Amino acid sequence: MTDVMIVMSPTWQLVRYAFIGLLSNAILYLAYLALTALGVETKLAMTVLYAVGVAQTFIFNKRWTFRHDGSHRSAFVRYCISYALGYFINLLVLYVLVDCLHYPHQIVQGAMIFWLAAMLFLLQKFWVFRTNPSLSISARIHS
């Protein structure tokens, strides 16, 4: 097998990231509806599915979106830190803009979805799945 240096454009990474996010959120939303229809409390269902979503998107983003060959463990820790940061930023913005300033929660959360997606993409590209440019990274081509 021939090793090939993979250089994926940021645009292509963003397209893959968006695809993973949309597909994952659609599946998790259906699972949320199913769990709550079965009587699972809403916050419990959301919490469990949030954890499932973080785990599954980590695997797909690591392997497919960013084609990261680095340490699984350290990348996963950085991934979880990124998503925890996103969660707490989201919570803080909702508290300030909705609870304190009385903006409509639908608009605030809608805007936060896009802002957090952009923030998480940048964190994943430049921190979570970072590569050392001084090292040669070889990978198998899988599409």
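Which helices each supply at least two residues of the nonpolar patch? The answer is α2 (42-65) and α3 (72-100), and the patch is taken up again below. The model is predicted, so to speak of local features requires pLDDT of at least 70, side-chain atom pairs count only at pLDDT 80 or more, and totals for chains, interfaces and linings use all residues. Residues are numbered from 1 along each chain as its sequence is written, and side-chain values use heavy atoms, with hydrogens and water left out.

The overall layout comes first. The protein chain has four helices and zero strands, where helices (H or I, at least four residues) and strands (E, at least two) are DSSP runs numbered from the N terminus. Read from the N terminus, the order of elements is α-α-α-α. Of the 143 residues in the protein chain, 27% are buried; buried stands for under 20% relative accessible area, exposed for over 50%, and partly exposed for anything in between (1.4 Å probe, protein chains only). Among contacts with a separation of 6 or more, 71% are between residues 24 or more positions apart, a contact being heavy atoms within 4.5 Å. The protein chain exposes about 9,700 Å², and carbon and sulfur atoms supply 72% of that area. Accessible areas come from the Shrake-Rupley method with a 1.4 Å probe, and for residues only the protein chains shown count as cover.

Now for the helices themselves. For α3, the 29 residues should span 42 Å at 1.5 Å a residue, and the end C-alpha atoms are 41 Å apart, which agrees. The expected span is 1.5 Å times one less than the number of residues in the helix. Helix α4 (residues 105-128) is another story: a straight helix of 24 residues would span 34 Å, but the end C-alpha atoms of α4 span only 30 Å. On the inside, α3 has Ala75, Arg78, Tyr79, Ser82, Tyr83, Gly86, Asn90, Val93 and Val98 as its buried residues, and these pack against α1, α2 and α4. The buried set in α4 includes Val108, Met112, Leu116, Met119, Leu120 and Phe121, along with Gln124 and Val128. Cover for the buried residues of α4 comes from elements including α1 (10-37), α2 and α3. As a reminder, an α-helix has 3.6 residues a turn, so residues three or four places apart point the same way.

Back to the surface. The nonpolar patch is formed by Met46, Tyr50, Tyr87, Phe88 and Leu91, with about 480 Å² of accessible area together. Patches are made of residues with over 30% relative accessible area and no salt bridge, joining like charges within 9 Å and nonpolar side chains (Val, Leu, Ile, Met, Phe, Trp, Tyr) within 5 Å. Helix α3 gives the largest share of the patch, three residues. Phe88, which sits in α3, has a relative accessible area of 53% and therefore counts as exposed.

The loops hold a few residues worth a look. Phe66 lies in the loop between α2 and α3 and is buried, at 9% relative accessible area. Beyond its neighbours within four places in sequence, Phe66 is in contact with Gln13, Asn61, Phe121, Gln124, Lys125 and Phe129. Trp12 is 54 residues from Phe66 along the chain, yet their C-alpha atoms are separated by 9.5 Å. With a relative accessible area of 14%, Arg67 is buried. His102, in the loop between α3 and α4, also has a positive phi, near 65 degrees, in a residue other than glycine.

Side-chain pairings are quickly told. The structure holds one salt bridge, meaning a side-chain nitrogen of Lys or Arg within 4 Å of a carboxyl oxygen of Asp or Glu. Its partners are Glu41 and Lys43, at 3.9 Å, N to O. Glu41 is partly exposed at 41% relative accessibility, whereas Lys43 is exposed at 58%. As for disulfides (cysteine sulfur atoms paired within 2.5 Å), the count is zero. Cys80 is partly exposed at 30% relative accessibility, and Cys100 is partly exposed at 40%.
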